[in-house]
Amino acid sequence: MMKKVAGLMTVIFLYVFTAFSQTQMEKIKMEFEFKIDDVGNAEVVYKQSATAMQWKILNQTIGQNPSLLKRDLMHQLSAYELYDFKFSKDDMNRTFILTFKAKGVSKYKGNGVWDFKIEKEISPRQVSKNVWYLTMTNTEGNVLYEMYATLKLPDNVEKSEITTDEFGKRVLRYKVPVKKELPVFLILGAVSGVLGIVLIGASFVFKPKS
Amino acid sequence: MNKKFLFSGVVLIILSVVFFGLHFFIKPPPSTLEIQLRSKPAVMPIAYKVYGNPEALDGRFWLVKAVLTNKGEQNIKNLKISYRVPDYIDWTTPNIYKEVLPGQTVVDRFYPKFPSKIINVMNPTPANVEIRISYNNGRETVEEIRKVPFQIRGRNEFIYTDIPVEEIADITDAYDNSYLLAAFVTPEDPIIKYFTQQLQQKVLKGTAAGAFTTPDEILRFMEAVYNFEVSTGMVYAGTLGLPEKIGNTYSIVQRIRLPREVLTGGAGLCVELSTLFCSIAVSAGLKCGIFLTSKHAWPAILSGDRPYPIEATMIGGKGLGKVGSFQEAIRAGEQNFQIWATGGNERIGIQIGFLDINQLQSEGIRPPELQDDVALRKKVDELFAKLEGGGREDKIIIVKDQQQETDGGTVITTTTQPPVVGFNIYKDPAGVFSISIPSNWIVTEYPVPGVSYFVLGASSPDSLNALEVYVLEGFVSTDDAINEIVTLIESAGGQVTYRKVGKKRIGNRQFVKYTGTTVFPGTSTSWEAYFTVTGTGVVGFSIGATNTSLNTQRRIIDRIIKSFRVYE
């Protein structure tokens, strides 16, 4: 997912920088945050800062019609259900923030185990039990793209590791405790049954005082 | 015996039995599965291999996308999703999701693997995709089948965009499906392969080791293909592209012939001549691409860092009044490329993109499987026989900068007159108008589904001339009427420029005359339109010429114009 979102941004920036990156190397740093909930949905935040010249051209492209970004993302990420897009920009600090939500991002394998796809171009590093740091670099023409992503798994993750799925694709596999409903009636039945037997037994042992 | 204890114990035992009973008989409510289905309104048979490939262009060519959410409080188990397209695809092996937790969403996409027989569909055909969804909701297994309609278009029909009208932001959006044109490049077609072998053997007389690595070898190949087309009488001829409403999209739908049809039929639109050129080039082991603008397309051989563009339409034709030499075609191709690289201009149109055929085909935009055809092979043999027998029989006028040039010192002229054709009178079934139409023109009533005021379309056999008749009820001015039509065309990605040029009496009525130009990819149509206000609205017609001048067929056009009658 990160690769595809980053790929789309690369295309946009490539367009932006084609005009003035013929002679000098441009470096673009893209920052992402993926927050995964306990049913495999994600909230994605993409934050981008720009130089004065980059900002001017960005405003002429996606700044004029950010909904095009939404359309292209929906094309690129058709494997998920995207919704709740928000776009904001801070002209004073030349920064824009795009957020959206995606359903069906992690695949449930059963018994609390989930798989989050990590493309082979991405370098993952575990920061804590439920936080991973993902990086990717790419060069297009004279533009060097550096992508950094923080992946936050649900707080109650028990274990997470990089492995491969049944198709040989690299995934981040994590396990969250399975919520189990207590069999309340069964417990009550057992407790009351035991107590009943104990009381009936006791009725023969403890005779009433006459 | 302690009666209190005994009584309490018995009560607890009874309660225990009740609780056990509740545990086994009272179950939480079954889960419900929310099903949302999204689907594409139409598929193009030419791209059937693309639709079946989940990897092609990031998987954007799915036919159905099912979004399934567990809305209950229990796990849904053993969720199975299977699809079929009756008459084409049997039930697919189900995609299985063993468990879906409460609140979890599963997204399942269907990439239909159509059989190659779909390429035989010639006209739009309604079809359905059926989706079978079964799952255990915590209490029982539920199965339901849903049906989604879509269209299978004719094999020659190309839909330029799937983007809904309200999402179209600029001209490139109106050509969003352009990548799929790469599916029209058919280097593996047995007929194209046979043709290429014959060309290499009989025209190129073989190629050197490491062929096509030098500019000279590349140009020799391009010249052989171009001169073959000219010498065997191939001509440039348009096909009709009409705006059409498909689902919630409005797109130009253009009829594009397969390269084998262009080769053996002897005529092609700019994009068809480009796909033919690339088919032959890729079949010969070259890399090829197509430059695309809002009005035009032309091919280029790719070698190293540079393209070798060629203006394939310079083959012209007698009807167009000129045929360019290979050197002129190369020069024109290079000029177009320079203009394209700077964004395009009024003449060649706005830059849409470049189709790197080899790259696109390696990414999954694959052409259809085409069967060998003895009759077509024979036709190819006849073309080579024609070439060996002296080439083009028709005489050619080579025109450059509006000046007639000599060919080998002799002015070549043609004396052939256009064939005389009869006229049929078309009488509107509603009794609103009548008009004379050449008997060999193809007439279509209500050519654009859903546009009720576009009542009649007619086009010449070569598709260079077209007549359109409009009956716009409720309109009170001709300006409003033409604005309505222009809006329709522009919503489909066309660009229209026009002006009012005065009045003209036709029959016993006064008409307002407009002239203008409509531009779609690869086609530029010059037209005249005549509208008159009636008691119930505005009635009128336009008559146009695609990629040529109206004056080429002035006599026929004048006769059509003069014949128009409105009845009240």
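**A loop residue and a helix with its cover**

A: With a relative accessible area of 32%, A:Arg94 counts as partly exposed, a class between buried, under 20%, and exposed, over 50% (1.4 Å probe, protein chains only). This is a predicted model, in which local features need pLDDT of at least 70 and side-chain atom pairs count only at pLDDT 80 or more, while totals for chains, interfaces and linings use all residues. Residues are numbered from 1 along each chain as its sequence is written, chains are lettered from A and ligands numbered from 1 in the order in which they are written, and side-chain values use heavy atoms, with hydrogens and water left out.

A:Arg94 sits in the loop between S3 and strand S4 (95–103) of chain A, and although A:Arg94 is not a glycine, its phi is positive, about 45 degrees. Most residues other than glycine have a negative phi. A:Asp84, also not a glycine, has a positive phi of about 55 degrees; A:Asp84 belongs to strand S3 (residues 81–90) of chain A and is partly exposed, at 32%.

The part to examine closely is helix H10 of chain B. Helices (H or I, at least four residues) and strands (E, at least two) are DSSP runs, numbered from the N terminus, and chain B has 11 helices and 30 strands. Helix H10 (residues 478–491) of chain B holds 14 residues and reaches 20 Å from its first C-alpha to its last, close to the 20 Å expected at 1.5 Å a residue; the expected span is 1.5 Å times one less than the number of residues. Just after H10(B), B:Gly493 takes a positive phi of about 95 degrees.

Which residues of H10(B) are buried? They are B:Thr478, B:Ala481, B:Ile482, B:Ile485, B:Val486, B:Leu488 and B:Ile489. Seen down the axis of H10(B), these buried residues fall within an arc of 155 degrees, so they line one face of the helix; the arc is that of the directions from the helix axis to the C-beta atoms. The cover over the buried residues of H10(B) includes strand S12 (249–255), strand S25 (465–473), strand S26 (495–506), strand S27 (509–520), S28 and strand S29 (537–546) of chain B.

One of these covering strands, S28 (residues 523–533) of chain B, contains B:Thr525, which counts as buried at 19% relative accessibility. Leaving aside residues up to four places away in sequence, B:Thr525 touches B:Gly516, B:Thr517, B:Thr518, B:Gly544, B:Ala545 and B:Thr546, where a contact means heavy atoms within 4.5 Å.

Turning to chain B as a whole, 51% of its 568 residues count as buried. Among its contacts between residues at least 6 apart in sequence, 64% join residues at least 24 apart. As for confidence, pLDDT is the predictor's confidence in each residue, from 0 to 100; the mean pLDDT of chain B is 84, and 90% of its residues reach 70 or more. Over residues 391–421 of chain B, however, the pLDDT is below 50, and this stretch has 44 contacts in the model beyond near neighbours in sequence. Where pLDDT is low, the predicted coordinates should not be read in detail.
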